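Student: I would like to learn how to read a model like this one. Please give me the general idea each time, and then the case at hand.

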Amino acid sequence: MTKGLVLEEAGVVVPPRYQTAWVAGQGDRNADGIAAYSRIVANRIESLIDEAFVVVLGGDCSVLVGAALALKRRGRYGLAFLDGHSDFRHPGNDPPIVAAAGEDLAIVTGRGDPRLVDLEDLGPSLREADVAVVGIRSDDPYAAEIQELGIAVWPVDRIKAEGLRAVTTAVLERVAREDLDGFWVHLDVDILDEDVMPAVDSPSPGGLDPDQLTLLLSDLVRHRAAVGIDICIFDPDLDPDGRHAETLADVVHQTLRSATTAE
Ligand SMILES: [Mn+2]
């Protein structure tokens, strides 16, 4: 799968033991563990980011918290948020909050469990004006809210109407601006349609197909301002014969290959 690519293994950041306990009104499940883990993930990303395009294989979407912290330590970065869901639950729109993996976009823009927001007193990791959300479904409960807050949103219906190339161009206009220090890509694999990618915790219909995702990702990742990507939510336990892993590996391989052969 790595034919034609120069990849270097940068090691595993082992998460703390998963705590399932959750009490309504007391914030997110496992928030202390995720907070500690996010700092370690940020350290690892920061140690690599000047030398290489960083690929983080998650994990659930809370991995974004550590990635965004790494970016915030360095400056002001954009985010291309590719996800079937907006992950924008927060105390202001849906108390009680539950799990960081359904709240990661809210957390990195400064809203959420106080144990996860503003981890190092640096303020919100990302600004709304620097974020583009791509691939959410039309029934996403927070689509209107994030748009009102100034985040650019391309639900799947809008992608179909405008065409993938036009969307990619518009996303880059936002996240790869000259006044930013670069941009990160967050990929929740559930951006793919449930028919082609059921090995995720919240599969939903109406998503992209692998060719569309490859095209979109390739144009983002090959941009010189792109600094890294996290790839989350794929669940091998839901993929006993490995066929869905192959689908995902193909997308990632083609994307990275196109990026490394650009220009
Ligand atoms: Mn997600």
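Student: Which residues are the protein donors of the manganese ion?

Tutor: First, the ground rules. This is a predicted model, in which local features need pLDDT of at least 70, side-chain atom pairs count only at pLDDT 80 or more, and totals for chains, interfaces and linings use all residues. Residues are numbered from 1 along each chain as its sequence is written, and side-chain values use heavy atoms, with hydrogens and water left out. Donors are N, O and S atoms within 2.8 Å of the metal (3.2 Å for Na, K and Ca); water is not among the atoms, so sites may look incomplete. Here the protein donors are Cys61 (SG), Asp83 (OD), Asp87 (OD) and Asp188 (OD), at 2.2 to 2.5 Å from the manganese ion.

Student: How are the donor residues spaced in sequence?

Tutor: The spacing is C-x21-D-x3-D-x100-D. Cys61 lies in the loop between strand 1 and helix 2, and Asp87 in the loop between strand 2 and helix 3, 26 residues apart, so this pair links distant parts of the chain. Helices (H or I, at least four residues) and strands (E, at least two) are DSSP runs, numbered from the N terminus.

Student: Are Cys61 and Asp87 buried or exposed?

Tutor: Buried means under 20% relative accessible area and exposed over 50%, with partly exposed in between (1.4 Å probe, protein chains only). Cys61 has 1% relative accessibility and therefore counts as buried. Asp87, at 7%, also counts as buried.

Student: Which strands pair with strand 5?

Tutor: Two strands pair if DSSP finds at least two bridges between them. Strand 2 pairs with strand 5 in the parallel sense over five bridges, with Leu82 opposite Leu187. Strand 5 and strand 6 are also parallel, over six bridges, and Trp184 has Gly228 in strand 6 as its bridge partner. Between strand 5 and strand 6 the chain passes through helix 7 (residues 210-221) in a right-handed β-α-β crossover. Right-handed means that, with the strands pointing away from the viewer, the path from the first strand over the helix to the second runs clockwise.

Student: Which residues touch the most other members of the largest nonpolar core?

Tutor: In soluble globular proteins, nonpolar side chains tend to be buried together. A nonpolar core is a set of buried Ala, Val, Leu, Ile, Met, Phe, Trp, Tyr and Cys residues joined through side-chain atoms within 4.5 Å. Of the 84 residues in the largest one, Leu82 and Trp184 touch the most other members. Helix 2 (residues 63-74) gives the most to this core, with eight residues. Contact means heavy atoms within 4.5 Å; not counting residues up to four places away in sequence, Leu82 touches Val134, Val185 and Ile191, among others.

Student: Why is helix 2 called largely enclosed?

Tutor: Nine of its 12 residues are buried, so helix 2 is largely enclosed by the rest of the structure. The buried ones include Val63, Leu64 and Gly66.
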